Amino acid sequence: KMTDEVPVATPDGQVIAVWYVRAGATFIKRYQWLTGGVKASPGVPEVPPTPVDLTGWVARMKGVYVVKDGPDIPAFDLDSPTDIVLDAQGNVTTTLLPDLTRDMPAGKITFYLELESPTGFVRSLVGGTIVLARNIPQE
């Protein structure tokens, strides 16, 4: 289970998202990975979901421009702990800095974010589209 504006999720829990990013601005997105939990029903108390402890995990995020009649063009590669911060409360915080967003051409970028546990288990957490908008220069 994921929190923080979950528009769509696949049956295995991967979030499918659209991120709207302004060129030249910092963009920060945070998700929290939760597991378990039971909704209350007659005679059964609610059991809240538990955050997944991401201590020791690593995160990778890749973005590409999808070219209709050619190979995808790399847009960016991000890693933890520099660009993606993980914590013991299941929080995954991704930061796209102004230099990165400024250099992206307007349009759409396909991205995915995956996590790898200390034992080598890989979890595809979030994937989707980044829609980049440029500011109109002021004269």
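Mentor: Start with a definition. A nonpolar core is a set of buried Ala, Val, Leu, Ile, Met, Phe, Trp, Tyr and Cys residues joined through side-chain atoms within 4.5 Å. Keep in mind that this is a predicted model.

Trainee: How many residues does the largest nonpolar core have?

Mentor: First the general idea. In soluble globular proteins, nonpolar side chains tend to be buried together. Here the largest core has 29 residues. Trp19, Met61, Leu115, Val126 and Ile130 have the most contacts inside it. Strands S2, S3, S6, S7, S8, S9, S10 and S11 each supply at least two residues of this core.

Trainee: Which residues does Leu115 touch?

Mentor: Leave out residues up to four places away in sequence. Then the partners of Leu115 include Trp33, Leu54, Trp57, Leu86, Val92 and Phe121.

Trainee: Is Phe76 buried or exposed?

Mentor: Phe76 counts as buried, because its relative accessibility is 6% and the cut-off for buried is under 20%. Phe76 lies in strand S7. Beyond four places in sequence, Phe76 touches Met61, Leu100, Met104 and Ile130, among others.

Trainee: Now the sheets. What is the order of the strands in the open sheet?

Mentor: Strands of a sheet pair through backbone hydrogen bonds, either parallel or antiparallel. In this open sheet three strands run in the order S3-S9-S8, with antiparallel pairing. S3 and S8 are the edges; each has a single partner strand, so one side of each lacks a neighbour in the sheet. Neighbouring strands are turned by 15° against each other on average, direction ignored.

Terms used:
Residues numbered from 1 in each chain as written. Predicted model: local features only at pLDDT ≥ 70, side-chain atom pairs only at ≥ 80, totals over all residues. Heavy atoms only, no water. Buried < 20%, exposed > 50% of the residue type's maximum accessible area, 1.4 Å probe, protein only. Helix = DSSP H or I, 4+ residues; strand = E, 2+ residues; numbered from the N terminus. Contact = heavy atoms within 4.5 Å. Pairing = 2+ DSSP bridges. Axes fitted to C-alpha atoms, helices over the stretch in contact; angles between N-to-C directions.
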